[in-house]
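Biologist: I have a structure open and would like to go through it with you. Can we start with the ligand and then move on?

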Amino acid sequence: MPSAHLPPAPVADLLSDTLTKPTPGMRAAMAEAVVGDDVFGEDPTVRELEEQVSGLLGHEAGLFTPTGSLANQLALRLHVAPGEEMLADELAHVVRAELGAAAAFSGITSRTWPSDRGRLDPAAPLRLLATGVGPYQVCTSLVVVENTHNFGGGTIQPLAAIRAVRAATQPVGVRMHLDGARLWNAHVATGIPLDDYGREFDSVSVCLSKGLGAPVGSVLVGSSEFVAQARIWRKRYGAGMRQVGILAAAGRYAVEHHLARLADDHERTARVAVACANAAPASVDPAGVETNILMLDVAACGWSPGEFVAAAGARGVRVYAAGPRSVRAVWHLDVDDAATDHAGRVLATLLAGGGRESAG
Ligand SMILES: *Cc1c(COP(=O)(O)O)cnc(C)c1O
(Lines give C-alpha, C1' and ligand atoms only; values in the text may rest on other atoms or scores of the structure.)
Protein backbone atom coordinates (compact mmCIF):
# COMPACT_ATOMS: atom_id res chain seq x y z
CA MET A 1 0.00 0.00 0.00
CA PRO A 2 1.50 3.37 -0.91
CA SER A 3 2.17 5.51 2.14
CA ALA A 4 1.15 9.15 2.33
CA HIS A 5 3.93 11.52 1.42
CA LEU A 6 4.34 13.44 4.64
CA PRO A 7 6.89 16.25 4.75
CA PRO A 8 9.85 15.68 7.10
CA ALA A 9 8.93 16.27 10.74
CA PRO A 10 9.84 19.77 11.89
CA VAL A 11 12.56 20.17 14.51
CA ALA A 12 10.21 22.35 16.54
CA ASP A 13 6.50 21.81 15.96
CA LEU A 14 4.87 24.89 17.47
CA LEU A 15 1.68 24.72 15.40
CA SER A 16 -0.55 23.94 18.38
CA ASP A 17 -0.54 22.36 21.82
CA THR A 18 -3.08 19.86 20.48
CA LEU A 19 -0.27 18.01 18.67
CA THR A 20 1.03 16.15 21.72
CA LYS A 21 1.27 12.36 21.53
CA PRO A 22 0.51 10.15 24.54
CA THR A 23 3.64 9.32 26.56
CA PRO A 24 4.57 5.71 27.45
CA GLY A 25 3.25 6.27 31.00
CA MET A 26 -0.03 7.60 29.65
CA ARG A 27 -0.38 4.69 27.23
CA ALA A 28 0.20 2.26 30.11
CA ALA A 29 -2.52 3.97 32.14
CA MET A 30 -4.87 3.70 29.15
CA ALA A 31 -4.08 0.02 28.65
CA GLU A 32 -4.77 -0.76 32.30
CA ALA A 33 -7.96 1.32 32.65
CA VAL A 34 -10.97 -0.39 34.21
CA VAL A 35 -13.88 0.29 31.88
CA GLY A 36 -17.65 -0.15 31.56
CA ASP A 37 -20.50 1.26 29.48
CA ASP A 38 -20.49 4.96 30.27
CA VAL A 39 -23.93 5.56 28.72
CA PHE A 40 -25.22 3.36 31.57
CA GLY A 41 -22.96 5.25 34.00
CA GLU A 42 -20.86 2.13 34.48
CA ASP A 43 -17.38 3.26 33.53
CA PRO A 44 -15.49 3.76 36.81
CA THR A 45 -12.54 5.51 35.16
CA VAL A 46 -14.80 8.11 33.54
CA ARG A 47 -16.52 8.64 36.91
CA GLU A 48 -13.14 9.13 38.58
CA LEU A 49 -12.06 11.68 35.99
CA GLU A 50 -15.32 13.60 36.31
CA GLU A 51 -14.96 13.67 40.11
CA GLN A 52 -11.29 14.59 39.97
CA VAL A 53 -11.82 17.56 37.65
CA SER A 54 -15.04 18.85 39.21
CA GLY A 55 -13.33 18.67 42.61
CA LEU A 56 -10.33 20.64 41.38
CA LEU A 57 -12.62 23.32 39.95
CA GLY A 58 -14.84 23.56 43.04
CA HIS A 59 -18.01 22.27 41.36
CA GLU A 60 -20.44 19.48 42.26
CA ALA A 61 -20.27 17.38 39.13
CA GLY A 62 -18.47 16.86 35.84
CA LEU A 63 -19.14 15.45 32.38
CA PHE A 64 -16.52 13.93 30.07
CA THR A 65 -16.87 15.11 26.48
CA PRO A 66 -14.91 14.23 23.36
CA THR A 67 -14.08 17.88 22.59
CA GLY A 68 -13.87 21.28 24.22
CA SER A 69 -16.24 22.64 21.60
CA LEU A 70 -18.92 20.17 22.71
CA ALA A 71 -18.33 21.01 26.38
CA ASN A 72 -18.78 24.70 25.57
CA GLN A 73 -21.81 24.10 23.38
CA LEU A 74 -23.57 22.01 26.03
CA ALA A 75 -23.06 24.85 28.49
CA LEU A 76 -24.32 27.51 26.07
CA ARG A 77 -27.35 25.39 25.20
CA LEU A 78 -28.29 24.98 28.87
CA HIS A 79 -27.67 28.57 29.94
CA VAL A 80 -29.28 30.39 27.00
CA ALA A 81 -32.78 29.73 25.65
CA PRO A 82 -33.38 30.04 21.88
CA GLY A 83 -33.49 33.70 20.86
CA GLU A 84 -31.77 34.86 24.01
CA GLU A 85 -28.27 36.23 23.97
CA MET A 86 -24.76 35.46 25.10
CA LEU A 87 -21.97 37.99 25.37
CA ALA A 88 -18.34 37.17 24.61
CA ASP A 89 -15.27 39.07 23.54
CA GLU A 90 -14.74 39.45 19.81
CA LEU A 91 -11.78 37.03 19.71
CA ALA A 92 -13.44 34.32 21.82
CA HIS A 93 -13.26 30.68 20.70
CA VAL A 94 -17.05 30.29 21.19
CA VAL A 95 -17.74 32.98 18.59
CA ARG A 96 -14.72 32.58 16.27
CA ALA A 97 -13.77 28.92 16.24
CA GLU A 98 -16.86 26.78 16.82
CA LEU A 99 -18.34 27.40 13.38
CA GLY A 100 -21.45 29.19 14.59
CA ALA A 101 -22.57 26.21 16.69
CA ALA A 102 -24.36 28.34 19.27
CA ALA A 103 -26.61 29.72 16.53
CA ALA A 104 -26.82 26.53 14.47
CA PHE A 105 -27.63 24.15 17.34
CA SER A 106 -29.22 26.32 19.99
CA GLY A 107 -30.72 29.39 18.31
CA ILE A 108 -28.52 31.66 20.41
CA THR A 109 -27.77 35.24 19.39
CA SER A 110 -24.41 36.71 20.29
CA ARG A 111 -22.96 40.15 20.83
CA THR A 112 -19.26 40.72 21.29
CA TRP A 113 -17.13 43.30 23.02
CA PRO A 114 -13.76 44.53 21.74
CA SER A 115 -10.71 43.59 23.77
CA ASP A 116 -6.99 44.18 23.83
CA ARG A 117 -5.36 40.76 23.30
CA GLY A 118 -8.47 39.17 24.79
CA ARG A 119 -7.91 40.72 28.22
CA LEU A 120 -11.16 41.10 30.17
CA ASP A 121 -12.08 44.67 31.07
CA PRO A 122 -15.25 44.29 33.18
CA ALA A 123 -16.73 47.51 31.81
CA ALA A 124 -16.85 46.02 28.30
CA PRO A 125 -19.37 43.20 28.86
CA LEU A 126 -21.28 45.22 31.44
CA ARG A 127 -21.86 47.97 28.88
CA LEU A 128 -23.67 45.42 26.68
CA LEU A 129 -25.68 43.77 29.42
CA ALA A 130 -29.43 43.87 28.68
CA THR A 131 -31.70 42.57 31.42
CA GLY A 132 -35.35 43.26 32.07
CA VAL A 133 -35.75 44.82 28.63
CA GLY A 134 -39.25 43.47 28.26
CA PRO A 135 -40.75 41.48 25.41
CA TYR A 136 -39.40 43.61 22.54
CA GLN A 137 -35.63 43.37 22.98
CA VAL A 138 -33.18 40.52 23.31
CA CYS A 139 -32.29 39.58 26.89
CA THR A 140 -28.77 38.69 27.96
CA SER A 141 -28.58 35.29 29.61
CA LEU A 142 -24.87 34.52 29.67
CA VAL A 143 -21.41 36.06 29.71
CA VAL A 144 -18.56 33.85 28.45
CA VAL A 145 -14.98 34.40 29.60
CA GLU A 146 -11.99 32.60 28.04
CA ASN A 147 -8.97 31.92 30.29
CA THR A 148 -6.27 31.78 29.11
CA HIS A 149 -7.21 33.56 25.93
CA ASN A 150 -6.22 31.61 22.83
CA PHE A 151 -6.36 34.15 19.99
CA GLY A 152 -5.36 36.87 22.46
CA GLY A 153 -2.01 35.08 22.78
CA GLY A 154 -2.32 33.06 25.99
CA THR A 155 -3.54 36.05 28.00
CA ILE A 156 -4.42 35.40 31.65
CA GLN A 157 -7.67 36.95 32.88
CA PRO A 158 -7.31 38.95 36.10
CA LEU A 159 -9.37 37.37 38.89
CA ALA A 160 -10.47 40.84 40.02
CA ALA A 161 -11.97 41.53 36.57
CA ILE A 162 -13.81 38.20 36.61
CA ARG A 163 -15.16 38.97 40.08
CA ALA A 164 -16.32 42.41 38.98
CA VAL A 165 -18.37 40.88 36.15
CA ARG A 166 -19.74 38.23 38.51
CA ALA A 167 -20.73 40.84 41.10
CA ALA A 168 -22.71 42.77 38.48
CA THR A 169 -24.32 39.82 36.67
CA GLN A 170 -25.21 37.38 39.44
CA PRO A 171 -27.80 39.62 41.15
CA VAL A 172 -29.64 40.13 37.85
CA GLY A 173 -29.70 36.41 36.99
CA VAL A 174 -27.18 36.48 34.15
CA ARG A 175 -25.00 33.38 34.25
CA MET A 176 -21.29 33.03 33.52
CA HIS A 177 -19.46 30.26 31.66
CA LEU A 178 -15.69 29.87 31.67
CA ASP A 179 -14.08 28.51 28.51
CA GLY A 180 -11.11 27.19 30.42
CA ALA A 181 -9.51 25.15 27.64
CA ARG A 182 -6.19 26.40 29.03
CA LEU A 183 -7.25 27.29 32.57
CA TRP A 184 -4.48 24.91 33.65
CA ASN A 185 -1.92 27.33 32.21
CA ALA A 186 -3.46 30.31 34.04
CA HIS A 187 -3.37 28.34 37.30
CA VAL A 188 0.27 27.27 36.89
CA ALA A 189 1.42 30.73 35.77
CA THR A 190 -0.29 32.62 38.61
CA GLY A 191 -0.44 30.06 41.43
CA ILE A 192 -4.13 30.95 41.84
CA PRO A 193 -6.01 27.75 42.80
CA LEU A 194 -8.21 26.30 40.07
CA ASP A 195 -11.27 26.51 42.29
CA ASP A 196 -10.71 30.21 42.94
CA TYR A 197 -11.33 30.68 39.24
CA GLY A 198 -13.95 27.95 39.05
CA ARG A 199 -16.27 29.18 41.75
CA GLU A 200 -16.87 32.52 39.99
CA PHE A 201 -18.69 30.66 37.20
CA ASP A 202 -21.88 28.62 36.81
CA SER A 203 -20.02 26.22 34.53
CA VAL A 204 -16.45 25.62 33.38
CA SER A 205 -15.04 23.63 30.46
CA VAL A 206 -11.42 22.47 30.49
CA CYS A 207 -9.40 20.65 27.82
CA LEU A 208 -7.28 17.60 28.56
CA SER A 209 -5.99 17.47 24.99
CA LYS A 210 -4.04 20.75 24.84
CA GLY A 211 -0.83 21.25 26.80
CA LEU A 212 -1.73 18.52 29.29
CA GLY A 213 -1.11 16.02 26.52
CA ALA A 214 -4.11 13.67 26.51
CA PRO A 215 -5.08 12.49 23.02
CA VAL A 216 -8.78 13.36 23.44
CA GLY A 217 -11.18 14.92 25.85
CA SER A 218 -12.60 17.77 27.85
CA VAL A 219 -14.62 18.01 31.03
CA LEU A 220 -17.60 20.30 31.66
CA VAL A 221 -18.35 21.03 35.32
CA GLY A 222 -21.24 22.68 37.14
CA SER A 223 -23.99 21.87 39.62
CA SER A 224 -25.30 18.29 39.79
CA GLU A 225 -28.57 19.40 38.21
CA PHE A 226 -26.77 21.24 35.39
CA VAL A 227 -24.52 18.27 34.63
CA ALA A 228 -27.49 15.87 34.64
CA GLN A 229 -29.09 18.02 31.95
CA ALA A 230 -25.80 18.27 30.03
CA ARG A 231 -25.56 14.45 30.11
CA ILE A 232 -28.94 14.21 28.38
CA TRP A 233 -27.96 16.75 25.73
CA ARG A 234 -24.60 15.06 25.18
CA LYS A 235 -26.45 11.84 24.31
CA ARG A 236 -28.92 13.77 22.17
CA TYR A 237 -26.03 15.24 20.19
CA GLY A 238 -24.73 11.72 19.62
CA ALA A 239 -21.75 11.87 21.99
CA GLY A 240 -22.76 9.22 24.51
CA MET A 241 -19.66 7.05 24.59
CA ARG A 242 -19.26 3.48 25.80
CA GLN A 243 -16.02 1.96 27.21
CA VAL A 244 -14.43 5.37 27.13
CA GLY A 245 -12.49 4.90 30.35
CA ILE A 246 -9.58 4.13 28.06
CA LEU A 247 -9.58 7.82 27.11
CA ALA A 248 -10.55 9.09 30.55
CA ALA A 249 -7.50 7.27 31.93
CA ALA A 250 -5.31 9.39 29.66
CA GLY A 251 -7.02 12.49 31.03
CA ARG A 252 -6.54 11.42 34.63
CA TYR A 253 -2.90 10.67 33.94
CA ALA A 254 -2.48 14.07 32.27
CA VAL A 255 -3.93 15.97 35.23
CA GLU A 256 -1.78 14.01 37.68
CA HIS A 257 1.53 14.09 35.79
CA HIS A 258 1.51 16.95 33.29
CA LEU A 259 0.00 19.88 35.14
CA ALA A 260 3.01 21.22 37.04
CA ARG A 261 5.26 20.85 34.00
CA LEU A 262 3.27 23.50 32.12
CA ALA A 263 5.68 25.89 33.88
CA ASP A 264 8.42 24.55 31.57
CA ASP A 265 6.30 25.48 28.53
CA HIS A 266 5.84 29.00 29.92
CA GLU A 267 9.56 29.42 30.58
CA ARG A 268 10.45 28.25 27.05
CA THR A 269 7.85 30.53 25.47
CA ALA A 270 9.19 33.49 27.45
CA ARG A 271 12.78 32.66 26.44
CA VAL A 272 11.92 32.73 22.73
CA ALA A 273 9.86 35.91 23.20
CA VAL A 274 12.95 37.62 24.62
CA ALA A 275 15.12 36.32 21.76
CA CYS A 276 12.62 37.64 19.20
CA ALA A 277 12.27 41.01 20.94
CA ASN A 278 16.06 41.41 21.13
CA ALA A 279 16.38 40.70 17.42
CA ALA A 280 13.29 42.66 16.34
CA PRO A 281 11.76 44.85 19.06
CA ALA A 282 8.61 45.55 17.01
CA SER A 283 7.74 41.85 16.79
CA VAL A 284 6.69 41.25 20.40
CA ASP A 285 6.63 42.75 23.87
CA PRO A 286 7.92 39.94 26.11
CA ALA A 287 6.06 41.42 29.08
CA GLY A 288 2.80 40.49 27.33
CA VAL A 289 3.77 36.83 26.86
CA GLU A 290 2.22 35.22 29.92
CA THR A 291 1.82 31.50 29.22
CA ASN A 292 2.57 29.04 26.38
CA ILE A 293 1.45 31.08 23.36
CA LEU A 294 3.70 33.50 21.49
CA MET A 295 2.09 35.91 19.02
CA LEU A 296 4.58 37.62 16.74
CA ASP A 297 3.74 40.76 14.78
CA VAL A 298 5.61 39.67 11.67
CA ALA A 299 4.05 42.45 9.57
CA ALA A 300 5.92 44.98 11.72
CA CYS A 301 9.11 43.29 10.49
CA GLY A 302 8.18 43.38 6.81
CA TRP A 303 6.75 39.88 6.51
CA SER A 304 3.41 38.58 5.38
CA PRO A 305 2.31 35.85 7.82
CA GLY A 306 2.09 33.28 5.02
CA GLU A 307 5.63 33.96 3.81
CA PHE A 308 6.97 33.90 7.36
CA VAL A 309 5.30 30.55 8.05
CA ALA A 310 6.84 29.12 4.88
CA ALA A 311 10.32 30.49 5.67
CA ALA A 312 10.21 29.15 9.24
CA GLY A 313 8.89 25.82 8.00
CA ALA A 314 11.78 25.48 5.55
CA ARG A 315 14.10 25.87 8.56
CA GLY A 316 12.37 23.21 10.66
CA VAL A 317 10.02 25.40 12.72
CA ARG A 318 6.29 24.96 12.20
CA VAL A 319 4.16 27.96 13.22
CA TYR A 320 0.71 29.20 12.32
CA ALA A 321 -0.50 32.29 10.45
CA ALA A 322 -2.98 33.60 13.01
CA GLY A 323 -4.09 36.86 11.40
CA PRO A 324 -3.25 39.53 8.83
CA ARG A 325 -0.22 40.65 10.88
CA SER A 326 0.56 37.81 13.20
CA VAL A 327 2.10 34.38 13.50
CA ARG A 328 1.41 32.10 16.47
CA ALA A 329 3.80 29.64 18.14
CA VAL A 330 2.58 27.35 20.93
CA TRP A 331 4.70 25.38 23.41
CA HIS A 332 3.69 21.98 24.75
CA LEU A 333 4.80 18.62 26.12
CA ASP A 334 6.60 17.54 22.96
CA VAL A 335 8.84 20.62 22.58
CA ASP A 336 12.06 20.30 24.59
CA ASP A 337 14.91 22.72 25.29
CA ALA A 338 16.87 21.79 22.16
CA ALA A 339 13.82 22.38 19.93
CA THR A 340 13.15 25.63 21.79
CA ASP A 341 16.68 26.90 21.21
CA HIS A 342 16.45 26.02 17.53
CA ALA A 343 13.09 27.80 17.24
CA GLY A 344 14.45 30.86 19.02
CA ARG A 345 17.38 31.13 16.61
CA VAL A 346 15.24 30.63 13.48
CA LEU A 347 12.44 33.00 14.47
CA ALA A 348 14.80 35.73 15.69
CA THR A 349 16.94 35.51 12.56
CA LEU A 350 13.94 35.71 10.23
CA LEU A 351 12.41 38.63 12.13
CA ALA A 352 15.69 40.54 12.17
CA GLY A 353 16.22 39.92 8.45
CA GLY A 354 12.80 41.20 7.44
CA GLY A 355 10.61 39.63 4.76
CA ARG A 356 11.98 41.24 1.61
CA GLU A 357 15.67 40.73 2.31
CA SER A 358 15.25 37.12 3.36
CA ALA A 359 12.82 36.04 0.69
CA GLY A 360 13.94 33.58 -1.96
C1 LIG B 1 -9.08 24.27 21.84
C2 LIG B 1 -10.07 25.18 22.44
C3 LIG B 1 -11.39 24.78 22.67
C4 LIG B 1 -11.94 23.41 22.31
O5 LIG B 1 -11.45 22.91 21.15
P6 LIG B 1 -11.75 21.42 20.62
O7 LIG B 1 -10.84 21.34 19.46
O8 LIG B 1 -13.18 21.37 20.27
O9 LIG B 1 -11.41 20.47 21.71
C10 LIG B 1 -12.24 25.68 23.27
N11 LIG B 1 -11.81 26.89 23.63
C12 LIG B 1 -10.55 27.30 23.45
C13 LIG B 1 -10.14 28.63 23.92
C14 LIG B 1 -9.63 26.47 22.85
O15 LIG B 1 -8.39 26.89 22.64
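**Around the ligand, then a strand**

Biologist: Which helix gives the most to the shell around the ligand?
Modeller: Keep in mind that this is a predicted model. Helix H3, residues 68–79, gives the most, with 3 residues in the shell.

Biologist: And which residues come nearest to the ligand?
Modeller: There are 13 residues around the ligand, and the nearest are Gly68, Ser69, Asp179, Arg182 and Lys210.

Biologist: How do the residues of the shell divide into nonpolar, polar and charged?
Modeller: The shell has 6 polar, 5 charged and 2 nonpolar residues.

Biologist: Back to Ser69. How far is an N or O atom in its side chain from an oxygen atom of the ligand?
Modeller: That distance is 2.6 Å for Ser69. For Gly68, a polar backbone atom is 2.8 Å from an oxygen atom of the ligand. Asn150 has a side-chain N or O atom 3.1 Å from a ligand oxygen.

Biologist: What share of the ligand's accessible area does the protein cover?
Modeller: On its own the ligand has 380 Å² of accessible area, and the protein covers 84% of that.

Biologist: New topic: Ser326. Which strand is it in?
Modeller: Ser326 is in strand E12, which runs over residues 326–330.

Biologist: Does Ser326 count as buried or exposed, and why?
Modeller: Ser326 counts as buried because its relative accessibility is 18%, and buried means under 20%.

Biologist: What is Ser326 in contact with, leaving aside neighbours within four places in sequence?
Modeller: With those set aside, Ser326 is in contact with Met295, Leu296, Pro305, Tyr320 and Ala321.

Note on methods
Residues are numbered from 1 along each chain as its sequence is written. This is a predicted model: local features need pLDDT of at least 70, side-chain atom pairs count only at pLDDT 80 or more; totals for chains, interfaces and linings use all residues. Side-chain values use heavy atoms; hydrogens and water are left out. A residue is near a molecule or strand if one of its heavy atoms lies within 4 Å of it. A polar contact is a pair of N or O atoms within 3.5 Å; within protein, one must be able to donate a hydrogen and the other to accept it, and residues adjacent in sequence count only if both atoms are side-chain atoms. Accessible areas come from the Shrake-Rupley method with a 1.4 Å probe; for residues, only the protein chains shown count as cover. Helices (H or I, at least four residues) and strands (E, at least two) are DSSP runs, numbered from the N terminus. Ala, Val, Leu, Ile, Met, Phe, Trp, Tyr, Cys and Pro count as nonpolar, Asp, Glu, Lys and Arg as charged, and the others, Gly among them, as polar. Buried means under 20% relative accessible area, exposed over 50%, partly exposed in between (1.4 Å probe, protein chains only). Contact means heavy atoms within 4.5 Å.
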